[in-house]
Amino acid sequence: MIIIQDLAIRFSGFSFQNLSLTIADGEYLVLLGPTGVGKTVLVETIAGLHRPAAGSIAMDGTDVTRLPPEKRGLGFVPQDYALFPHLTVEQNVAFGLRMRGLDVQTQHARVVDLAERLHIGPLLSRSVDRLSGGERQRVALARALIITPKVLILDEPTSALDPSTRRELWAELIRVKQEFRVTTCHITHDFEEAIALADRVAVFVDGRIRQLGTPDDVFRHPADRDVARFLGIRNVFPARLASVHKDTVSLEWGPYTLEAFAPPWARQGMTVWCCIRPEDVMIVRPDWPLRPSIKENMLAGRIAAEVPGEAMRTLWLEIPALEGFDGYRLEIRIPNHAYHRLGLHLGHACRVSLKESALHLFPE
């Protein structure tokens, strides 16, 4: 377990303070946030590369705030992997064991065993400058794991890889997570990577943790407007709570009335922010009747723009302006097969439904 309490860091023109975070034993925590908010500085401070101005870091009940990196019992994979170019793969992987004074035979046996588990056995005699990006990443991971660390820190370990190799390494990291059960702190800018790997996700905005929760909680229920925007949710708009019922609320959004699940803080008359993920906007078939249960959340518009993708297509539905309403562009993400089955195209008029279970609210 890692317990960070009231941490303050000032480094190279950057600072944050009063940061507290607990990472459970064996947990896989992914750190997300815009570039420059301090994610790398934080994990490097956990690793002992920077000394905090205030606060403490404890691992398994031991205060390590002032300990040097080699005394903290952790493995670190930096963004550039930092492999030693003058050493072979085996020598790179064995480096931590050699620093701990293990004999050559023990080093070799442990390296061979771990190399087989990480599928890099055939690479052991190679020079690292002859490795592909994916091979380098596995070697760096093996070097971090060979010392049986209490904590594994991964700083954007897949950022330099092509999409196919990246997905292969996600599968490798999932296997490492299940097999080694090492407490892991992983920085990434890839939302899909966070969803695939994380037990919990911490979102950094403006130098502090703005949301901490499971991937489903964070990506489907952002804590505030800034988090929603960072996570790529463009469908964020203000509305007024016209009425509050036991389990649902009625929202006034210009000329429209929308139904949503009632958050515990909801009070009639409040102005709130509403958001819905683009993949949760449901395009309604033209022959689908307006049923009372969904009529209130039905909107009509015209497809004003679209961007094709490999599996999904992004559409922007132009909801027309009316008196007292400026109109809105609603982002929609739909599988390509559904797009073609519905006969959609640029300029197509259609209806959409915003399911009340997918419409998320947070205070203004």
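How do the axes of helix H5 (residues 133-145) and helix H6 (residues 163-180) cross, and within what distance do the axes come?

1. Basis. This is a predicted model, in which local features need pLDDT of at least 70, side-chain atom pairs count only at pLDDT 80 or more, and totals for chains, interfaces and linings use all residues. Residues are numbered from 1 along each chain as its sequence is written, and side-chain values use heavy atoms, with hydrogens and water left out.

2. Helix pair. The axes of H5 and H6 come within 11 Å and cross at roughly 15°. Helices here are DSSP runs of H or I with at least four residues, strands are E runs of at least two, and both are numbered from the N terminus. Axes are lines fitted to C-alpha atoms, for helices over the stretch in contact, with angles from 0 to 180 degrees between N-to-C directions. H5 and H6 are therefore roughly parallel to each other (angles under 35 degrees count as such).

3. Helix contact. On the H5 side, Gly-134, Gln-137, Arg-138, Leu-141 and Leu-145 take part; they meet Thr-165, Glu-168, Leu-169, Glu-172, Leu-173, Val-176 and Phe-180 of H6 (contact means heavy atoms within 4.5 Å).

4. Sheet. An open sheet is formed by five strands in the order E13-E12-E11-E14-E20, with antiparallel pairing (two strands pair if DSSP finds at least two bridges between them). E13 (256-261) and E20 (360-363) stand at the edges with a single partner strand each, so one side of each has no neighbour in the sheet. From one strand to the next, the twist averages 45°.

5. Strand pair. Five bridges join E11 (residues 236-244) and E14 (residues 271-275) in the antiparallel sense. Phe-237 has Cys-274 in E14 as its bridge partner.

Methods:
Parallel < 35°, antiparallel > 145°, perpendicular 65-115°, else oblique.
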